[in-house]
Amino acid sequence: MTLGIVVAAGLAIELVVGNYFYDYAVSNSPKSFIAKAESLKARDPNYSDLNWFKNKVHKETWSQESTDHLALKADYINNHAKKTVIIAHGYMGSRQDMGLYASLFYKLGYNVLLPDARGHGQSEGNYVGYGWPERKDYQLWIKQVLQKNGADSEIVLFGVSMGAATVMMTSGEQLPQQVKAVIEDCGYTTAKAELTYQQHQMFPKVPTVAAIPVTSLVTKARAGYFLGQADALQALKKSHLPTLFIHGTKDDFVPTAMVKQLYAAHRGNNAKDRLFLVKGAAHAKAITTDKSGYYQTVTEFLKSVDL
């Protein structure tokens with residue numbers, strides 16, 4: 001077998017691996033490893049908040065066109081306030097999943113805007129951006145809030161999991177002065193670090209040194225960005241917005257160690273930053289594991305930044 005044939009065979013294998021992992025992790029096709037949402041039950045301790053969100057509160061539909069011409073959708077809950085929170089959902093989720101967080105901020109007197117990320121819910125797109133292209137989408141949602149609610153608006157960015165990474169990446173952009181704070185719950189440091197961790201968990205026999213870089217190249221070809229661009233650590237180094245970092249101590253999807261890296265990356269930029277670790281909480285379960293502590297921490301943080 002000639003060297004050329006060996007090289008060609010190797011490249012073909014890498015391309016197959018890259019496309020496989022792209023379809024597994026970046027394409028928005030249904031994922032067998034994502035748990036299905038449970039139906040709402042009256043005995044659920046959060047039934048009142050979830051039922052309010054699902055069946056009682058009036059929601060307006062807002063629309064937006066992304067810079068690359070995707071039709072994006074959001075729900076808006078009008079609390080007739082100058083304060084608005086923009087809530088970003090997680091990987092393969094939708095705005096429909098964010099009822100507990102919407103209820104919290106509504107009780108605190110905020111209008112609530114809940115976008116579906118590109119490729120999720122009712123928004124167009126066929127891939128997951130891990131926060132990188134979405135950061136531009138959230139800048140457009142910020143602009144729409146200011147257009148509709150006025151220049152005296154005060155805006156908080158909030159996100160869970162991939163949504164947390166999204167708002168952190170958004171915070172690294174040049175934002176209007178009306179954006180006052182960021183709250184991230186169980187976000188990852190970088191897409192590459194998160195996917196590397198997940199590959200070790202799910203495919204321990206596949207060498208990361210080949211799979212992730214090749215998947216990044218495939219992602220650039222098929223979705224227009226490199227995985228290495230989705231970097232919350234670098235965004236936080238540029239952000240001066242006060243930021244609350246939340247994470248569960250039993251998170252085995254986005255490892256708890258990541259929040260300490262995120263907090264350290266931003267801590268020197270704003271003295272009002274805060275880290276809240278929820279003992280025993282699994283991924284995206286901080287609010288249900290310690291609801292009173294979660295409410296208190298969010299409330300105190302917002303008061304500390306005069307919101």
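This note walks through the main features of the structure shown above, point by point.

1. **What kind of model this is.** Please keep in mind that this is a predicted model: local features need pLDDT of at least 70 and side-chain atom pairs count only at pLDDT 80 or more, while totals for chains, interfaces and linings use all residues. Residues are numbered from 1 along each chain as its sequence is written, and side-chain values use heavy atoms, with hydrogens and water left out.

2. **The overall picture.** Of its 307 residues, 53% count as buried. Here buried means under 20% relative accessible area, exposed means over 50%, and partly exposed is in between (1.4 Å probe, protein chains only). Take contacts, meaning heavy atoms within 4.5 Å: among those between residues at least 6 apart in sequence, 74% join residues at least 24 apart.

3. **The sheet.** The 8 strands form an open sheet in the order β1-β2-β4-β3-β5-β6-β7-β8, with mixed pairing. Two strands pair if DSSP finds at least two bridges between them. At the edges sit β1 (60–65) and β8 (274–278), each pairing on one side only. For a close-up, look at β6 (residues 179–185) and β7 (residues 243–248), which run parallel and are joined by 4 bridges. There, V182 stands opposite T243 in β7.

4. **A helix across the sheet.** Helix α9 (residues 257–267) lies across β6, β7 and β8, and runs at about 165° to β7. Such angles run from 0 to 180 degrees between N-to-C directions, using axes fitted to C-alpha atoms, for helices over the stretch in contact.

5. **The nonpolar cores.** In soluble globular proteins, nonpolar side chains tend to be buried together. The largest nonpolar core in this model has 35 residues, and F105 and I183 have the most contacts inside it. A core of this kind is a set of buried Ala, Val, Leu, Ile, Met, Phe, Trp, Tyr and Cys residues joined through side-chain atoms within 4.5 Å. Leaving aside residues up to four places away in sequence, F105 touches V85, I87, Y110, V112, F158, I183, V298 and L302. A second, separate core of 33 residues includes A25, A191, V218 and A235.

6. **Helix α2.** Which residues of α2 (residues 47–56) are buried? They are D49, N51, W52 and F53, and they pack against β2 (71–77), α3 (99–107), β4 (111–115) and α11 (291–304). S48 also lies in α2, but S48 is exposed, with a relative accessible area of 55%.

7. **Salt bridges.** The whole structure has 11 salt bridges, each a side-chain nitrogen of Lys or Arg within 4 Å of a carboxyl oxygen of Asp or Glu. One of them joins K107 and D49 (2.8 Å, N to O). K107 lies in helix α3 and D49 in helix α2, so this pair ties together parts that are 58 residues apart in sequence. K107 is exposed at 51% relative accessible area, whereas D49 is buried at 6%. D49, K107 and K291 are linked in a network of salt bridges.

8. **A buried pair.** D75 forms a salt bridge with R95, with the closest N and O atoms 3.0 Å apart. D75 is in strand β2 and R95 in the loop between β3 (83–88) and α3, 20 residues apart. D75 is buried, with a relative accessible area of 5%, and R95 counts as buried at 4%.

Conventions. Helices (H or I, at least four residues) and strands (E, at least two) are DSSP runs, numbered from the N terminus.
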